[in-house]
Amino acid sequence: MKNKYKRTSQSLLYVAGLWLLLWVAGCKAGKDYQRPSVALPAQFHTVAATDSSIIDISWNQLFPDPVLRQWIDKALTQNYDMQLAIKRVETAEAYVKQSRVALLPAVNAQVAASSTTPSKNSLNGLSLENFLGRNHLEDYTAQLTLSWELDIWGKIRRQNEAVRATYLQSAEASRAVKTRLIANVSQNYFNLLMLEQQLEVARQNKLLSDTIVQMMQLQKTAGEVTELAVQQTQSQAQSAALLVSQLEQEITIQENALHILAGELPGTPVTHSRLNDFQLWTDVKTGIPAQVISKRPDVRASEMELVAANARVGAAQANRYPTLNITAAGGVNAFQASEWFVVPGSLFGTVASGIAQPVFQRRALKTQLEVARIQSQESELRFRQTVLNAVGEVSNALVRIEKLQEQQQIVSNRVEIQRGAIQNAQALFKSGIANYLEVITAQSNGLQARLDQASIKRQQLDAMVELYRSLGGG
């Protein structure tokens, strides 16, 4: 009866110990991640929030121009920044695959053979001679060793959580590179179209300047104007020729930049459409700020960085707690090669477990925890900063779209006025009512107005692309 009571007590003790172990194993050091509360506006700038957004449109629908789409396609497959971003994702993915088996034990296989010849005057040498009748000792071992750290405090699980978050961060960073790449190619392409349009205007202005020079030379021959008037118009013609050369230079440089973005050697002229062929957005839908900002790849990447930093705090905290390790080894061992794999006589096995508690590590573990907490706070600040910058970028793009539309209307009116002024100045000059300086002034103002018109149209297209990127599209 006494033995039965003793066995019952031991069973209850074993069950209680098992439940305690399971309870402890379910504990995880550190706190689970919770997204920080971030204040967001109800709408962007003066645009009312809508259920749909322009980021729901694919980039190849946003840019219907086939030439631009071809350049973007090439950049997405050949651009080196894009390829490097993909490699970083593949590296992070490899670590994720490793983390999936981190909770399993490590198993190693070992095969060893040795032969030892001790001194004949040593105790080992005399023992071999007396008991085995030989002067050397052989040993043959083939074994499997197992080492397993029980994740009592969730240290390994926190490390796995950090690895997965880092992978997601690299994936979102890759999407951010893709978004920026689409925007950069588009903006470079639009800049090329602007330069081409400005070059066309400059060449027309040069032809007009050459015509005025010829007219001045004829009038000088007739004694109607002085040599100064001819020199002034010749200087104006030289300025027009200089602008043509400068724009041709900028076009070649811009073409080279577009080739490099596409990951190919520069040198081939770029075929393109005309700047005025592109239509601007008439209905801008930005969506709900809280939903749109959360979809931006840089915001998501910043949040994944915060998730990883929070998990590292838990891992650093768990490093200060005891660790339970289980080790086991088994195989065959013999002192003669002929008996090496004779079973069961050559079989052996060992099982051991141990608990290790850090006592004094020269403050290393405490410092690791403090640094992990500080880095987590830094990640939270970067996350908040990224969200704030995102809202600012969207608002800036909306302001540009709104004000550039006003500026385009103003400069279009100015172009029409200057076109009429040039015609009037030429007619009045031929009639002797206006002087050559008025003709030159009207021509210069008209040239600048048309150059400004092309520049503002390019800025409008850039603002459209920037709004799409800042909302997280691409």
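**Chatting through the predicted fold**

User: Starting with Glu303, buried or exposed?
Analyst: Glu303 counts as buried, because its relative accessibility is 9% and the cut-off for buried is under 20%. Bear in mind that this is a predicted model.

User: Where does Glu303 lie, and what does Glu303 touch?
Analyst: Glu303 is part of helix H9, which covers residues 297-318. Skipping residues up to four places away in sequence, Glu303 touches Tyr33, Arg35 and Phe383.

User: OK, zooming out. How many helices and strands are there in the protein?
Analyst: There are eleven helices and four strands.

User: What's the radius of gyration, and what would a compact globule of 474 residues have?
Analyst: The protein has 39 Å, whereas a compact globule of 474 residues would be near 23 Å. Along the principal axes, the C-alpha atoms fill a box of roughly 135 × 60 × 45 Å.

User: What percentage of the residues is buried?
Analyst: Buried residues account for 37% of the 474.

User: Charges next. How many positive and negative side chains are there?
Analyst: The protein carries 47 positive and 41 negative side chains. The centres of those two sets sit 12 Å apart.

User: Which residues does Arg469 touch?
Analyst: Leaving out residues up to four places away in sequence, the list is Thr179, Arg180, Ala183, Arg296 and Glu393. As for Asp298, it is 171 residues from Arg469 along the chain, yet the two C-alpha atoms are separated by 11 Å.

User: What does the C-alpha separation look like for Leu199 and Arg157?
Analyst: Leu199 and Arg157 are 42 residues apart along the chain, and their C-alpha atoms are separated by 62 Å. Leu199 sits in helix H6, which runs over residues 155-221.

User: Which residues is Leu199 in contact with?
Analyst: Apart from neighbours within four places in sequence, Leu199 is in contact with Val244, Leu247, Glu248 and Ile251. Leu199 counts as buried too, because its relative accessibility is 4%.

User: Switching to strands. Which way do E3 and E4 pair?
Analyst: E3 (residues 323-334) and E4 pair antiparallel, over ten bridges.

User: Why do you say E4 lies largely in the open?
Analyst: E4 has ten residues, 347-356, and the number buried is zero, so the strand lies largely in the open.

User: What about E2 and E3, how many bridges there?
Analyst: Eleven bridges, again in the antiparallel sense, with E2 covering residues 137-150. Ser147 has Thr327 in E3 as its bridge partner.

User: What's the phi of His45?
Analyst: His45 has a positive phi of about 55°, although it is not a glycine. His45 is in the loop between helix H1 (2-25) and helix H2 (59-62). His45 counts as partly exposed, because its relative accessibility is 34%.

User: And Arg363, what's the phi there?
Analyst: Phi of Arg363 is near 70°, a positive value for a residue other than glycine. Arg363 belongs to the loop between E4 and helix H10 (364-430). Arg363 is partly exposed, because its relative accessible area is 44%.

Notes:
Residues numbered from 1 in each chain as written. Predicted model: local features only at pLDDT ≥ 70, side-chain atom pairs only at ≥ 80, totals over all residues. Heavy atoms only, no water. Helix = DSSP H or I, 4+ residues; strand = E, 2+ residues; numbered from the N terminus. Rg over C-alpha atoms; globule rule 2.2 N^0.38 Å. Buried < 20%, exposed > 50% of the residue type's maximum accessible area, 1.4 Å probe, protein only. Lys, Arg positive; Asp, Glu negative; His and termini not counted. Charge placed at Lys NZ, Arg CZ, Asp CG, Glu CD. Contact = heavy atoms within 4.5 Å. Pairing = 2+ DSSP bridges.
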